[in-house]
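This briefing accompanies the structure shown below.

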Amino acid sequence: MLSHEQIFEKVRTALVDALGVDEDEVTPNATMVGDLGAESIDFLDIVFRLEKAFDIKIPRGELFPEDILNNAEYLNDGKVTPAGIEQLKKRMPFADLSKFEANPVVQDFVLVLTVQDLVRYVESKLNQGKVPAG
Amino acid sequence: MRWFWIDRYTEFVSGQHATAIKNVSLAEDHLHDHFPGAPVMPNSLVLEGMAQAAGLLVAQKNDFRFEVVLAKVAKVEFHFLARPGDMLVYKAKIEDAKEGGAFTSVTSHVEGRLQAEAEIFFAHLERGEGREAMFDPETIINWLRAVRMFEVGRDADGKPLQIPNLAADAGISPVAGGNGQP
């Protein structure tokens, strides 16, 4: 079983390769878009690299629930409604949404995801694999 | 005029890998200025050829249902410059593919020497989606004919690839031919 540090190392390698950033820039609290300069297409690249590095499958929308953010039901005046926040929390238990919740402007959502969130996401995927089916 | 940077495929295995060649010629106008007395193929055009070799492979894998666009060159390295008289051999491989796009690796060799290597991502865009289509089906079929894809193309079982009936899907008049022969 991979330790938290080993998972972080592999995530860091994936981000260094995908984003062309230096290793020391990839800190747990660095945000993907704001600090590391990830653009939307980079997320596809990152998903491919994480799948390969950890032998996991990452379904579309799991790491980044675009379906919720595009759903008028959960939006009001450019902000995510409390019901939408609930959905996001349910779908993204690995992410810390507290800052976003304070001022949930949809367009700022991309600024939320951090390296630490990715590491926690991978951890949750690896743990899922170990739960016996049924 | 289309922007053709591969001359022909010599191998094309659906969904897996393909080999294409590009012959560099002093008859290409742009080499006269790049550079006077010392013509070299711009590396950007080598990369374009590598992307075309891989991009058509990705498009065919999905039966041309999506428009395939070059989304990102994650890595590219050039080891020496290609000159007139060189034959560049591009080998493209689909490393991974999913709904949203594909991840390919491509190399360029001249006489067995590694000239360039790249990791290239392609994104799949749905046709339509409130924008002008970038390629019409006939253009793609003609392009594939021009680079002789239907002469060498095989599916995973080794059976020849057929010319797809994209015209029917797009509601335009059908493309002539259909038996894969020029």
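How far apart do the C-alpha centres of domain 1 of chain A and domain 2 of chain A lie? They lie 21 Å apart. This is a predicted model, in which local features need pLDDT of at least 70, side-chain atom pairs count only at pLDDT 80 or more, and totals for chains, interfaces and linings use all residues. Residues are numbered from 1 along each chain as its sequence is written, while chains are lettered from A and ligands numbered from 1 in the order in which they are written.

**Chain A: overall form and domains**

- Six helices and two strands make up the secondary structure of chain A; helices (H or I, at least four residues) and strands (E, at least two) are DSSP runs, numbered from the N terminus.
- Along the sequence, these elements of chain A follow the pattern α-α-α-β-β-α-α-α.
- Chain A has a radius of gyration of 15 Å, close to the 14 Å that the globule rule gives for 134 residues, so it is as compact as a globular protein of that length. The radius is taken over C-alpha atoms, and the rule is 2.2 Å times the number of residues to the power 0.38.
- Along the principal axes, the C-alpha atoms of chain A fill a box of roughly 45 × 45 × 25 Å.
- Chain A is divided into domain 1 (1-60 + 113-134) and domain 2 (65-112), with bounds that come from an automatic or database domain assignment.
- Eight residues of domain 1 of chain A are in contact with six residues of domain 2 of chain A; two residues are in contact if their C-beta atoms, placed from the backbone, lie within 7 Å.
- The side of domain 1 of chain A that touches domain 2 of chain A has three nonpolar, three polar and two charged residues. Ala, Val, Leu, Ile, Met, Phe, Trp, Tyr, Cys and Pro count as nonpolar, Asp, Glu, Lys and Arg as charged, and the others, Gly among them, as polar.

**Helix packing in chain A**

- Helix 1 (residues 4-19) and helix 2 (residues 40-54) of chain A pack at an angle of about 140°, with their axes 9 Å apart. Axes are lines fitted to C-alpha atoms, for helices over the stretch in contact, and angles run from 0 to 180 degrees between N-to-C directions.
- Residues in this contact include A:K10, A:A14 and A:L15 of helix 1 of chain A, and A:D42, A:D45 and A:I46 of helix 2 of chain A.
- By class, the contact of helix 1 with helix 2 of chain A has eight nonpolar, no polar and five charged residues.

**Contact between chains A and B**

- The contact takes ten residues from chain B and eight residues from chain A.
- Strand 3 (66-78), strand 5 (101-110) and strand 6 (113-126) of chain B each give two or more residues to the side that touches chain A.
- Strand 3 of chain B provides the largest share of that side, three residues.
- The side of chain B that touches chain A divides into five nonpolar, two polar and three charged residues.

**Local backbone features**

- Most residues other than glycine have a negative phi, and most peptide bonds are trans.
- A:D55 has a positive phi, near 55°, and is placed in the loop between helix 2 and helix 3 (66-69) of chain A.
- B:H34 and B:F35 are joined by a cis peptide bond, with omega about 5°.
- B:F35 is found in the loop between helix 1 (30-33) and helix 2 (43-61) of chain B.

**Confidence**

- The model scores ipTM 0.75 and pTM 0.84.
- Chain A has a mean pLDDT of 90, and 96% of its residues reach 70 or more; pLDDT is the predictor's confidence in each residue, from 0 to 100.
- Chain B averages a pLDDT of 89, and 88% of the residues score at least 70.
- Over residues 171-182 of chain B, pLDDT stays under 50.
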